[in-house]
Structure formats: structure tokens, C-alpha cells
Amino acid sequence: MVISEVSSAAKQCYEEGKVQNCGGELLKKIGRVSCPNKREENKMEFEEGLLAHPSTFFLSFTPHTLSPLLLFFPFFFLVAVILNSPHLSCEVVRACFSSQFLTSDPSLYLRSLSFPIPMAESNQLNLNESKMVVPLNMWVLISNFKLAYNLLRRPDGTFNRDLAEFLDRKVPANASPVDGVFSFDVVVERETSLLSRIYRPDEGENHARTLVDIEKPVTSEVIPVIIFFHGGSFAHSSADSAIYDTLCRRLVGICNAVVVSVNYRRAPENRYPCAYDDGWTALQWVSSRSWLQSRKDKKVHIYLAGDSSGGNIVHHVARKAVESGVEVMGNILLNPLFGGEERTESEKRLDGKYFVRIQDRDWYWRAFLPEGENKDHEACNPFGPKGRSLEGIPFPKSLIVVAGLDLVQDWQLAYAKGLEKAGQNVKLLYLEQATIGFYLLPNNEHFSTVMDEIKSFVSSDRS
Amino acid sequence: MDELLAVVGYKVRSSDMAEVAQKLEQLEEAMGNARDGISQLSNDTVHFNPADISNWLETMINNLDVPPPPHPPLPQQHSGKAIYTTAAATADSLSPSSKRVKPSPAESSSSTRPLVLVDSQENGIRLVHTLMACAEAVHQNNLSLAEALVKQIGFLAVSQVGAMRKVATYFAEALARRIYGLYPENPIHHSFSDMLQIHFYETCPYLKFAHFTANQAILEAFQGKNRVHVIDFSMNQGMQWPALMQALALRPGGPPAFRLTGIGPPAADNSDHLQEVGWKLAQLAETIHVEFEYRGFVANSLADLDASMLELRPSETEAVAVNSVFELHKLLARPGAVEKVLSVVRQIRPEIVTVVEQEANHNGPGFLDRFTESLHYYSTMFDSLEGSVNSQDKVMSEVYLGKQICNVVACEGVDRVERHETLGQWRTRFGSAGFTPVHLGSNAFKQASMLLALFAGGDGYRVEENNGCLMLGWHTRPLIATSAWQLATKSVVAH
């Protein structure tokens with residue numbers, strides 16, 4: 001698989017080149033700076049130069065006193081491998097070197113070159129670093145979450161649930177269509193108060209639905225039903241959190257699908273396997289709804305999708321489905337949460353750099369996994385030492401989206417590799433410059449790339 | 001406002017984005033530096049209105065006593081918009097739905113319809129179908145069809161179980177009254193309606209939540225005042241006041257002198273029930289050593305009140321709170337009434353006005369819409385009662401709600417008093433009348449949540465924060481909302 005080769009090559013280079021962190025930061029800055037007036041020109045020149053003579057191009061660009069080869073070796077290697085790979089289209093390359101990262105402030109560029117950049121331990125540098133790769137309002141959104149979440153996790157492993165619910169922005173369901181989508185909540189299982197929010201395309205009727213017509217049968221020959229598990233590291237958010245309500249609505253419009261967002265029980269109050277049980281309950285409920293059946297074959301065309309902890313849930317619910325003979329047509333994992341006891345290179349390299357720290361990840365696993373278990377538990381590390389093989393099992397095809405600035409990417413890539421080794425159908429989408437949460441707002445190219453991929457993934461069986 | 005953030009629940013002006021980013025960095029740094037900073041912000045600080053990120057951060061920064069940043073923020077050449085203007089050039093590849101989704105906050109449109117489905121059995125659907133068809137027939141004045149359908153509902157309801165059956169029965173009765181012109185008696189004997197309310201109070205947390213959250217806001221507004229006066233528009237049995245009096249009694253530094261003016265409708269049997277309630281409260285006040293003064297005030301409508309009748313004392317000596325639980329919507333039956341009452345409230349010059357109302361729009365112009373909205377609302381309400389333990393209480397609560405249903409569906413004009421409107425609609429009214437919001441915070445939220453945990457069969461109750469107001473709902477459907485207000489001319493209350 002090409003992309004995993006790229007990342008291990010990059011890893012190798014970093015080790016061989018022994019480039020200090022500061023050099024790496026500088027590298028990234030140079031790749032994205034130009035003067036305001038000549039922005040487009042510079043961009044093209046940059047890309048052309050890259051394609052023609054990567055190493056000399058960089059040499060001409062920098063007055064920095066550090067040995068240019070040492071500095072640019074890893075980056076050059078990375079770029080060369082990318083360019084030499086036939087599988088990567090221009091779109092993916094663009095995702096790596098997007099013009100969105102060109103700042104119009106030339107003084108910032110000059111400042112970054114003239115003054116030595118301190119070692120990347122300081123918070124200040126980390127905060128500035130993450131600001132370079134996402135639009136400002138997205139930085140504000142994700143940083144705001146990060147800050148709020150810091151207030152909620154207690155060192156003793158308990159969670160300030162009241163404050164969490166107070167701070168979380170929620171929206172009610174709305175049976176009146178907005179932008180072609182209406183929604184309603186269903187109590188899937190009374191005993192556990194398991195709710196799900198159902199989103200349906202309006203199909204041009206343009207009137208508020210009532211108790212009578214809310215469960216009217218779908219009219220399409222083929223319509224995907226995407227069961228969505230929201231993220232939040234098993235502890236945060238709900239199906240009615242505004243960020244996830246918005247995401248699900250967008251999914252309906254883009255994929256022309258029904259989306260069922262499951263309000264699964266959260267940690268630490270409800271540990272493993274509650275979230276998986278709830279996912280399985282919801283899956284059974286969905287598959288038994290006659291009004292969700294595609295006309296073509298009188299079956300519900302189910303896809304499982306989720307981000308962060310939701311991605312993890314997707315895997316385990318899919319496994320349960322396969323073992324129980326319930327058909328799932330595909331799995332979509334967005335920045336899924338996997339881990340293990342080993343400290344991987346990406347975790348060390350990206351710790352604290354892009355909104356997330358390893359210690360936070362560890363807290364959430366301790367809150368979710370059974371007491372006394374470590375991160376090699378099968379829930380966290382399905383292809384680890386305690387994992388069960390998927391060989392010979394009719395597992396659904398998987399679309400796995402990995403953000404290149406997510407510190408757990410090595411685990412995500414290992415998951416993809418594990419599926420591949422077990423002979424399963426996997427498509428990996430590696431977005432080099434994406435951070436966690438990029439899909440929460442649409443104002444970046446990663447969003448559209450991913451949405452297009454998801455759309456074709458769930459539409460493959462449509463005529 | 002930044003539109004993309006607005007859609008996901010946050011209010012940040014695009015021009016403020018860089019400043020907000022800087023505050024985030026500042027606070028993060030301070031949290032790292034301050035000893036126990038996180039635990040302080042998490043446990044001690046009271047948070048308000050998290051949708052307004054800028055002010056939320058400001059509160060926390062002030063709480064941590066953070067020194068101002070060394071340099072001003074870098075001049076921001078590009079706002080959030082400029083970054084995706086470039087991306088917009090490639091927007092042809094973006095599908096139309098990924099363009100901005102219009103925000104649909106509750107206040108912007110009364111057509112927002114929250115919906116929680118608990119019973120999707122076959123019979124339930126047929127029953128609801130028939131109810132809706134009957135309502136439609138009534139709406140179109142096709143009374144013979146409506147009559148036939150009403151009878152059918154009766155048969156269908158019998159085979160139903162649970163909340164749906166009861167709701168359907170009440171709605172069917174209301175429809176029948178409308179069809180046959182048999183309007184319910186008005187007013188109903190007060191002791192009966194009082195009794196119903198007491199059962200409702202015991203069965204489910206709605207009234208307790210209403211009283212609790214209103215009292216919390218009043219208590220905070222009365223901080224530091226030595227003489228306080230509560231004017232209660234919704235006196236009834238006075239069930240809200242023992243808790244407030246006890247809280248005042250326990251105040252550090254001792255209780256203030258507490259005066260209560262209770263306003264209520266005249267009793268059908270001319271008994272002086274308002275005075276009786278006052279007596280009971282006076283006895284309580286004596287046992288907890290709170291100086292107490294009471295006046296009961298009978299009025300057919302709140303609109304009959306004038307500030308001069310209330311024997312107000314100078315505001316330097318006495319702080320006033322005005323309280324209204326499920327009363328204001330009744331004023332909407334007469335044009336000009338609510339405006340008159342709000343102007344009288346202004347004249348009272350209260351420290352705070354606490355308002356609790358049903359979170360629903362049952363006052364739309366069209367009968368069919370009102371019917372549908374109330375059907376959804378009361379279905380959820382009834383479902384929340386299903387888990388309650390005491391069946392006697394439950395039945396009484398259902399009767400209590402059933403009277404409301406009857407009024408919404410069967411009555412018109414001045415008789416239709418259950419004219420519930422949403423929080424968004426009340427916000428507009430209060431804003432126009434010269435009031436600004438007083439925010440309820442995370443402390444009230446937390447205590448309300450703890451209160452709910454005490455209710456057996458109450459797993460589904462949820463408290464939600466909404467731009468400084470608190471709402472109580474069943475699962476994801478808000479059912480009542482508490483808001484607090486102050487006169488717009490007052491200086492901004494520092495939190």
C-alpha cells in the first residue's frame with residue numbers, strides 16, 4: 001500500500017537525518033510562505049520547482065545557515081516518494097500542499113527565518129504550530145473543545161458530567177425540513193434510554209413531518225442507511241451535540257442517505273462494552289425497520305460510520321454483526337480511536353502539537369476499558385497481542401480516513417494494515433495536513449475530499 | 001457572527017476571531033501556570049452562557065487573575081473568510097450541500113419542530129392518523145366527518161396501551177367538545193385545580209424544576225439585600241416559597257426581612273384561600289426565624305394590576321423580585337394584556353424577573369398547526385409520566401394536563417388561555433419591553449440535575465442550557481424553560 005510506505009519512509013528519514021524539531025518546524029513554514037501580491041505565481045512556481053528540482057529548489061529558497069541537505073533531506077525524500085508513486089492523484093498532492101496554508105503576511109516568513117526557533121517544547125510554539133494548518137475559526141472551535149475537555153477530566157479518573165452537559169451545545173431534532181433534511185429522535189431501547197436521531201432527506205415535500213408520516217417508507221430503489229457513531233473519546237458529546245447534528249445533516253445531503261446517529265452510553269460512567277452493546281442494539285433496530293428497506297431488494301442497506309471513538313465502535317459493531325449474520329455493506333472510520341501499550345513514533349512526534357496530548361488519550365482509555373486492563377485490550381488494539389484474527393471472515397469493506405497530524409495515526413495505519421493482511425477490502429485515505437476534527441467545518445479541502453470519498457463508498461451499489 | 005461556528009452552537013463575531021484565539025492561548029497558558037487552576041475552574045467557578053466563547057473565556061481569565069498578554073495580537077490580515085475564499089475558487093468540485101448550512105436556532109423560526117418518538121407500534125400510528133384526520137376535518141369545518149372520526153378514535157384508543165392511549169383519549173375528548181360546542185366550565189373550582197397541581201408537583205419534576213431554578217436566580221439577585229420583596233404572579237398553593245425562605249434563613253450573615261405579595265384569581269366560593277396560604281407560610285417563617293410579611297391580592301387577570309396597588313417601598317430599602325410560573329401565557333388571550341403587565345413590571349423596578357413557561361408554540365394562528373404541536377408536546381409529557389411510581393398521583397397529573405389539552409384544542413378567543421409560546425418568542429417580547437437577560441449558570445444547572453436524579457423512573461429527564469436560560473425536557477425534547485430578566489437600564493451584572 002503506497003501511503004503506508006510513504007509514512008514509514010518519512011519515519012526512516014527523520015531517524016537517519018536526525019533533524020531536530022526546530023528544523024522540522026522551519027521546513028514546514030518554508031513550504032507555505034509567499035508574498036501577498038505574488039501568491040498565486042509563487043504557488044505555481046513552488047509546485048513546478050518541486051516537480052523539477054526538489055533539492056536545488058529548496059537550496060535557492062533558504063538563507064538559513066543550517067546544512068541545507070540535512071534540513072531538506074527528509075522533506076525531499078518524502079516529496080520524491082510521493083511524486084514517484086503512481087497511485088496518488090493530484091488531488092491528494094494538493095491536499096498536502098494546499099494553497100490555504102499560504103499566509104499573506106510576509107513579515108511572518110522573514111521573522112521565522114531570521115530568528116532561531118526555540119526547541120519545540122514550549123506551549124507557545126505548539127499553539128502557533130497548530131494555527132498554521134487550519135482556518136482560524138476551526139482553530140478556535142477545536143481549541144475551545146480542548147480547553148473545555150481539560151476542565152472535565154479529573155486526575156482520579158472521574159468526569160465532571162454536569163459541567164460537560166452544561167457546556168455542550170445541543171440542538172433538538174427538527175421534523176421541519178431545513179436544507180432538505182428533517183430529523184426526529186427515537187427511543188430505540190427504553191430500559192437503557194437508548195436514543196437515536198434519524199435524519200432523512202426531504203424528497204421535495206417541504207413540510208413539517210408529524211408522528212404520522214415520520215416513519216413513512218423510503219421511496220428509493222436503493223438508499224444507503226448510515227448508522228453514525230459520534231466521537232468524543234467515549235466520554236464526550238451526544239447524538240444531539242450541535243457539531244454532530246450538523247455533520248449528520250451534511251452526510252444526508254451529500255450521500256442522499258438516511259443517517260441514524262446513535263446516542264450510546266459514555267465512559268467513565270459506562271465502560272466497555274456498553275458503547276458496543278448500544279451500537280449493536282441500534283444496528284439490530286435499524287435492520288428490522290421495514291420503512292428503511294431499499295425497494296430494489298427489500299433489505300436495509302446498512303453502512304456503519306463514526307469518528308474518533310465512533311470509528312472504534314464501528315469496527316466492533318461490524319465484527320458483532322458479521323458473527324451474528326447481519327449484513328453490513330461497509331465501514332467508514334474517520335480518525336478512529338485505536339491504541340496500544342507501545343509508544344509509537346507518531347505519538348512521540350506529535351504529542352501536544354495539534355490539540356492532543358498522549359496523556360489525554362491515556363485518560364480516556366483508562367476511563368473506557370475495564371478496570372485493570374491496559375491498552376492492549378482488544379477493544380483498543382484489535383490487531384494487537386490480544387486481538388482476534390479477521391482472516392476468513394466476511395468483514396465489510398472499510399474506508400479509513402487518517403489525518404496526518406493526528407498523533408494516533410500509527411495505530412490507525414496499523415489497523416488498516418491489519419485488515420489488509422487479513423485479506424479484507426480496505427481503502428485508506430491519508431490526509432497529510434489534516435488535524436483531528438477537520439470534518440466539523442466544511443471550510444477546508446480535506447472536508448470535500450472526504451465527503452466525496454464517503455459518497456462514492458456508499459453509492460457503489462446504486463444503478 | 002461567524003456562520004460556520006453559529007451552526008455548531010457558538011456565537012463569535014468574525015472580527016473578534018483573532019482576539020478569541022488569543023484569549024484561548026492566554027487561558028491555556030494560565031491554566032498551566034496556576035496551581036490547581038484547572039480544578040478551580042472546574043469546581044469553583046460558575047460558568048455562564050458557553051455559546052458566547054469570548055465572555056466565557058473572559059470569566060475564566062478573570063477568575064484565574066491572569067496578567068494581560070505582553071504584546072497585542074498580530075494584525076490579522078485575513079479573517080476566517082479569506083482563507084476559504086481561495087478554496088471557494090475550487091468550489092465547483094464541492095457538492096452543493098457542503099456549502100454553508102443555514103443555522104436554525106430555535107428563536108429564528110417558529111416552524112422548528114422537535115420530535116421524540118417513543119411508540120412506533122402499528123396501532124399507535126393508526127390512532128394518531130385518525131386524530132390528525134379528525135383535526136383536519138374540524139379545521140375544514142367538515143363536522144360530520146369529524147364526528148365519525150372521533151367515534152373511531154374511541155375504539156382505537158381502547159386497544160392502545162400506555163401514554164399514547166391516554167393522550168389520544170384527552171385529545172379525542174377535546175375534539176368532541178369542539179365539534180359539539182360543549183366548552184368546558186370556566187373557571188374550575190380552585191380547590192380541585194389546586195389539588196391537581198399538588199399531584200402534578202409530586203409526580204414529575206417540572207414544577208419543582210421551575211420553582212428551584214427561579215428561586216436560584218432570585219436568591220442570587222437578593223445577595224446583600226436586607227429587605228426583600230417577592231411578588232408572585234402564580235401564588236396558587238405557595239409551594240415555591242418554603243424552599244426560598246429556608247435558603248434565605250441559612251444565608252451567611254442572617255436572613256433578610258422577607259415580604260411576599262401573592263396574586264391569584266378569585267375563588268369561586270369566595271373563600272379567602274390566598275390568605276390561608278399566607279398564614280401557613282407565616283407559621284413556617286416563624287419556625288425558621290425569618291421576619292415575614294404577607295399580602296394576598298385577588299385579581300381576575302394580571303392585567304388588572306397597577307403598580308400603585310402593590311404598596312411598593314423605595315428601592316433603596318427593599319429589593320423586589322417578580323415571579324411568574326406558567327402564568328404569562330394566559331395574558332395572550334387578550335390583546336394588549338401582556339404589554340400592560342410588562343410595563344407594570346417595569347414600574348415595579350425589580351432586581352429580577354423570573355419566568356417559567358411551557359416550551360412550545362401552542363398559540364399559532366392555524367388550528368391544525370396548534371393541534372399537531374400540542375399533540376407532539378403532550379405525547380412527550382405523558383410519556384415522561386409513565387415511569388412514575390404512585391398511580392394515584394399519575395392519574396391526577398394526567399387530568400391536570402388533560403385540562404390544558406382541552407383548553408388548547410376546544411377553546412377559542414378569551415377562553416383559550418393555554419397560549420404557550422416558545423422561549424425564543426418570550427425573549428423577543430421581553431427584549432421589546434425593555435428587559436435584558438440575567439443568565440442562569442452552571443451551579444443552577446448542576447443542582448437542577450441533582451434534583452432530577454431523585455425522581456424514580458426519571459432516567460429520561462434532561463436539563464439543558466440555552467443562551468443563559470435553563471430548560472427541562474424529556475429525552476431530547478425540551479418541555480419547560482426558565483428565564484430571568486432585569487431592566488435594560490441597569491448596569492451589566494458582572495458575573
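**Close-up 1. Salt bridge between A:Lys131 and B:Glu25 in the predicted model.** A:Lys131 and B:Glu25 form a salt bridge whose closest N and O atoms are 3.4 Å apart; the term stands for a side-chain nitrogen of Lys or Arg within 4 Å of a carboxyl oxygen of Asp or Glu. Across the interface of chain B and chain A, 6 salt bridges are found by this rule. Helix α2 of chain B (residues 17–33) supplies the largest share of the side that touches chain A, 10 residues; helices are DSSP runs (H or I, at least four residues) and strands likewise (E, at least two), numbered from the N terminus.

**Close-up 2. Contacts and buried area between chain B and chain A.** In contact (heavy atoms within 4.5 Å) are 79 residues of chain B and 74 residues of chain A. The area buried between the two chains is about 6800 Å², and carbon and sulfur atoms give 63% of this; buried area is the accessible area (1.4 Å probe) lost on putting two parts together, summed over both. In chain B, the residues losing the most area to chain A are B:Glu25, B:Leu115 and B:Leu117, together 10% of what that side buries.

**Close-up 3. Strand pairing between the chains.** B:Val116 is the bridge partner of A:Asp185.

**Notes.** Residues are numbered from 1 along each chain as its sequence is written, and chains are lettered from A in the order in which they are written. In this predicted model, local features need pLDDT of at least 70, side-chain atom pairs count only at pLDDT 80 or more, and totals for chains, interfaces and linings use all residues, while side-chain values use heavy atoms, without hydrogens and water.

Key. Pairing = 2+ DSSP bridges.
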